[in-house]
Amino acid sequence: MKRFSLVCPCHFGTEAVLKREIYDLGYEITKVTDGRVMFEGDAEALVRANLSLRSAERVLLLVGSFKAYTFDELFEGIKALPWEEFFPKDAAFWVTKASSVRSKLFSASDIQRIAKKAMVERMKTKYKLEVFPEDGERYPVRIFIQNNEVEVSMDTSGESLHKRGYRALHGEAPISETLAASIIMLTPWKKGRILADPFCGSGTFLIEAAMMAANIAPGLDRRFTAEKWYNIVPSELWKEIRSELRSAIELPHPEEVDLQGFDTDAEVLKAARENARAAGVADLIHFQQRNARDFSHPKKYGFVITNPPYGERLEDKDALPQIYGYLSDAMENMETWSFYVITSWEDTDSFIRRKCIKRRKLYNGMIRTGLYMYPGQKPPKR
C-alpha cells in the first residue's frame, strides 16, 4: 500500500499527548512543531487516525513542501507537485484555507488564488484538458506557510475532528472535545478513578472520559471527506476498521466508573444528559444540579478536571473571586484529591490557596489559558 506523510494539527501545548496517541496506533513520528505532529503511514493509517485520535484537530495528507519568498515561487512550487496522483480529472479541488506565520507571503486570498491557478496548470499538462468539470468528489487543499516554508496538504477529515457527532447542545462557553480529551490525557486519571466536574456545563470532560473508559473511538459516528477518495483509500477499509473499533468497545458496568458532573443551570444539565446519551455513555455519568459552593465528595481520593468561568464577558468578572474562592474551599476540604483547572483568569493564583505545582500554557480556541495542576495524594495500592 502506498505510503504518505500525514500531518495532524492540534491545540498548542498538547503535542506530547498527540505524539503518544500516534505511537499507540503503531506509527513513527517524523516531525513535531508547535501545534503540529507529522508521521508516516499508508491508507490504513489515514483511516485509523481519523477514527481514533482524540487530540488531533484534523488529519492532513501532505502533498509536498518547498520554500517560497515570492508569488512566482509559490506558483512554480505548487505546479511542480504531482496533483494528478491525487486528483481524478473530475475532482472538485480548491484551497479551503491558507495561513501564514512569519513569512514574506501573507495574503490568504492571494495565496489561495495563485495556488488554484497553479494546480489547474499542472492538471492541464497531465490530463490534456483546458477546462475541468469539477463535478466529482471534493478534494479540499490547505496551505500553511511558516518561516517561508510552504506546506501543501489535502484535508482528509472535512469538519474538524472535535465534532464527534454527540454534542448537538452546549452551554455558553464550551470547551472543545479535542481539548477536553487532551487535558484528561495530561493528567494521571485512569478508568476506575473518580472524576468530578463542579462546572460541567454541557458535560464535555465527563463524556470524553466515559468514552475513554468504554474504549469508544471518537470518530465512529461521523463522516470524513476522504471516505469518497476511492482512488486513494479503498472504501472497504473504512468499513473494516469501523467494524474492528466497534467490536473493541467495552462498556463498563456503571458501578465500575464514577463520573460526576455538577452545574447550577438546569437547562445546561439537560443538554449534558442529551449529549451523553448521543455519545452512548449516559449510564456512566451522574449529572446533578448543584452550586459550586456546595461541592464536596465523601470519598478520600479522586480527580477534579474543570473549566470554570473565565470572566470573558465584562458582566461576569465581578463574580470570579467568589467562584474561585468556592473552588479553593473545595480543595481545602478535599485535600487528598487532585485538581486540574483550565482558565484564562490571571488572578487565579491569588484566590486559590493550594500551591500550583505546574501551569501548562494552552489555547482554548483563540483564548490563551493555563492548565493549573494541583496533584493530590496517590491512593494506597490495593
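The expected span of a helix is 1.5 Å times one less than its number of residues. This rule will be needed at the second stop of the tour, which visits a predicted model.

**Stop 1: the whole chain.** Along its principal axes, the C-alpha trace spans about 75 × 45 × 40 Å. A compact globule of 382 residues would have a radius of gyration near 21 Å, and the 23 Å of this chain agrees with that. Of the 382 residues, 55% count as buried. Among contacts with a separation of 6 or more, 76% join residues 24 or more positions apart.

**Stop 2: helix α4.** How far apart are its end C-alpha atoms? They lie 28 Å apart, in agreement with the 28 Å that the 20 residues of α4 should span at 1.5 Å a residue. Next, colour the buried residues of this helix: I111, I114, A115, A118, M119, V120, R122 and M123. An α-helix has 3.6 residues a turn, so residues three or four places apart point the same way. The buried residues of α4 pack against α3 (71-79), β5 (92-101) and β6 (138-146). Just after the helix, K128 takes a positive phi of about 55°.

Stop 3: Select M154 and show its surroundings: among the residues it touches are V59, L61, W83, F87, Y139, W229 and I232.

**Stop 4: the open sheet.** Select the 7 strands that form an open sheet in the order β10-β9-β8-β11-β12-β14-β13, with mixed pairing. Which strands lie at the edges? They are β10 (285-289) and β13 (358-364), each of which pairs on one side only. Neighbouring strands of the sheet are turned by 20° against each other on average, direction ignored. Helix α6 (residues 204-213) packs on this sheet, touching β8 (195-197), β9 (259-263), β10, β11 (303-306) and β12. The direction of α6 makes about 170° with that of β9.

**Stop 5: one strand pair.** Strands of a sheet pair through backbone hydrogen bonds, either parallel or antiparallel. Zoom in on β12 (residues 338-343) and β14 (residues 367-374), which pair in the antiparallel sense over 5 bridges. Finally, select T343, whose bridge partner in β14 is G370.

Methods. Residues numbered from 1 in each chain as written. Predicted model: local features only at pLDDT ≥ 70, side-chain atom pairs only at ≥ 80, totals over all residues. Heavy atoms only, no water. Pairing = 2+ DSSP bridges. Helix = DSSP H or I, 4+ residues; strand = E, 2+ residues; numbered from the N terminus. Axes fitted to C-alpha atoms, helices over the stretch in contact; angles between N-to-C directions. Contact = heavy atoms within 4.5 Å. Buried < 20%, exposed > 50% of the residue type's maximum accessible area, 1.4 Å probe, protein only. Rg over C-alpha atoms; globule rule 2.2 N^0.38 Å.
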